[in-house]
Amino acid sequence: MSKLFSHLVVLIALALLVGCASKPPSWFLSTKQGARFYGVGSGGSFESAKQAAIDDLVQSVQTQVRSSTHIHNTQHNDKLTTKLSQHIELDSSALSLPNLQVSNKAYKQGTYYVQVGISKEQLLAPLKQDLQAILSRAKPIITTAPSCITLRDFGALESSLKQASRLAQILDALQAPLPKDFHKLSSLYNQVQKPLLTTTYQGLTKAQEALFSAEISKLATSTKDSSTPHLAITAKKRGPTTISLEVTLKDCEQRVIFQASIQESQASYDYALKRAAIVLYKKLYTFMQGEDGFPTI
């Protein structure tokens with residue numbers, strides 16, 4: 001019985017020692033977020049514990065942003081959230097961590113414990129700067145009349161809003177006010193939906209024009225308002241199976257912003273027409289995305 005009692009005493013003592021050895025510092029278990037963001041981590045080395053703490057801080061911010069974004073999208077199911085939100089995801093690279101400080105550290109029984117912290121303003125400052133840089137580049141588009149938004153303008157508008165929205169959702173989730181220009185950019189995008197475009201044809205029948213109009217409508221809304229950007233398409237039949245197109249796009253001030261020559265030969269003239277319409281769409285789409293290299297005039 002005495003041996004059994006001795007064994008029990010030893011086991012209890014070992015259990016207490018193990019429990020004390022594995023117990024982290026009190027600050028490790030009671031980190032509170034407020035004016036500062038904190039992260040905690042542990043590891044076999046100081047550097048691994050610090051990196052775990054940084055990852056924990058980033059994950060904490062990510063969780064808060066995603067939760068806020070989900071609520072925002074649920075409450076505001078408009079064109080911006082439905083079309084662009086699928087492209088907006090927060091990852092660690094979106095968070096710059098300047099002036100990150102080690103707030104606490106400890107070493108117990110072969111384990112390092114680290115707490116890192118950063119003030120809310122220090123966390124938000126680079127995000128605000130990046131957002132302002134995007135909005136500054138988009139300023140000429142923001143001040144453009146909706147009826148004069150060109151295909152290139154709309155591509156830049158959509159691209160700028162995707163980039164800006166990613167940052168804006170982080171700022172908004174962390175209760176930081178958003179610049180007025182961001183709201184203007186968002187409002188303009190929702191107002192335009194598709195750029196207006198007047199299209200005129202030469203050398204095509206009404207049925208043939210419809211082929212091209214169907215492709216163009218994927219990018220722009222057709223109008224007869226002469227004050228909007230103008231797309232002129234001149235077609236010539238070069239033989240029983242070949243068509244050539246000369247295409248010119250002008251902005252509201254009658255400046256040429258895009259030109260293209262297209263020639264298609266297919267098994268029949270009808271097939272050549274259909275192929276030319278598809279090629280025109282691809283060239284206009286490339287121009288809208290800013291990938292054609294056509295100089296801005």
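This is a predicted model: local features need pLDDT of at least 70, side-chain atom pairs count only at pLDDT 80 or more; totals for chains, interfaces and linings use all residues.
On the H7 side, the contact is made by Leu151, Arg152, Phe154, Gly155 and Ala156. H10 brings Leu284, Phe287 and Met288 to the meeting point.

Is threonine 150 buried or exposed? Its relative accessibility is 6%, so threonine 150 counts as buried. Leaving aside residues up to four places away in sequence, threonine 150 touches Pro195, Pro229, Asp251 and Ile257.

## The protein as a whole

Here is the wider setting. The protein has ten helices and eight strands. It is made of 297 residues, and 37% of them count as buried. The accessible surface comes to about 16500 Å², with 54% of that area belonging to carbon and sulfur atoms.

Contacts also tell us how the chain comes together. Among those with a separation of 6 or more, 69% are between residues 24 or more positions apart.

Strands of a sheet pair through backbone hydrogen bonds, either parallel or antiparallel. Here five strands form an open sheet with mixed pairing, in the order S5-S4-S6-S7-S8. At its edges are strand S5 (221-222) and strand S8 (256-265), each of which pairs on one side only.

Strand S4 and strand S6 run parallel and are joined by five bridges. In this pairing, threonine 198 stands opposite histidine 230 in S6. S6 (residues 230-239) is also joined to strand S7 (residues 242-250), this time by nine bridges and in an antiparallel fashion. To find this pairing in the structure, look for leucine 231, whose bridge partner in S7 is leucine 249, or for alanine 235, which stands opposite leucine 245 in S7. Helix H9 (residues 206-216) lies across strand S4 (196-202), S6 and S7, and it runs at about 160° to S4.

S6 and S7 form a hairpin, with two residues between them. Threonine 241 is found in the loop that connects these strands. With 26% relative accessibility, threonine 241 counts as partly exposed. Which residues does threonine 241 touch, not counting those up to four places away in sequence? They are Glu264, Ser265, Gln266, Ala267, Ser268, Tyr269 and Ala272. Glutamate 264 is 23 residues from threonine 241 in sequence, and their C-alpha atoms are 8.2 Å apart in space.

Another threonine, at position 223, has its place in the loop between S5 and S6. A polar atom of the side chain of threonine 223 lies 3.1 Å from the backbone nitrogen of aspartate 225. Threonine 223 also touches Leu196, Leu197, Thr198, Thr199 and Thr228, again not counting residues up to four places away in sequence. Thr198 is the residue that stands opposite histidine 230 in S6.

## The three-stranded sheet

Now for the other sheet. This open sheet has three strands in the order S1-S3-S2, and the pairing is antiparallel. The edge strands are strand S1 (36-43) and S2, each pairing on one side only. From one strand to the next, the twist averages 15°. Helix H5 (residues 120-137) packs on this sheet and touches S1 and S3. The direction of H5 makes about 65° with that of S3.

How many bridges join S1 to S3? There are eight, and the two strands run antiparallel; tyrosine 38, for example, has glycine 117 in S3 as its bridge partner. Strand S2 (residues 101-108) and strand S3 (residues 111-119) also run antiparallel, joined by seven bridges. Here two tyrosines meet, as the bridge partner of tyrosine 107 is tyrosine 112 in S3. S2 and S3 form a hairpin with two residues between them, and glutamine 109 in the turn has a positive phi of about 45°.

Conventions:
Residues are numbered from 1 along each chain as its sequence is written. Side-chain values use heavy atoms; hydrogens and water are left out. Two strands pair if DSSP finds at least two bridges between them. Helices (H or I, at least four residues) and strands (E, at least two) are DSSP runs, numbered from the N terminus. Contact means heavy atoms within 4.5 Å. Axes are lines fitted to C-alpha atoms, for helices over the stretch in contact, and angles run from 0 to 180 degrees between N-to-C directions. A polar contact is a pair of N or O atoms within 3.5 Å; within protein, one must be able to donate a hydrogen and the other to accept it, and residues adjacent in sequence count only if both atoms are side-chain atoms. Buried means under 20% relative accessible area, exposed over 50%, partly exposed in between (1.4 Å probe, protein chains only). Accessible areas come from the Shrake-Rupley method with a 1.4 Å probe; for residues, only the protein chains shown count as cover.
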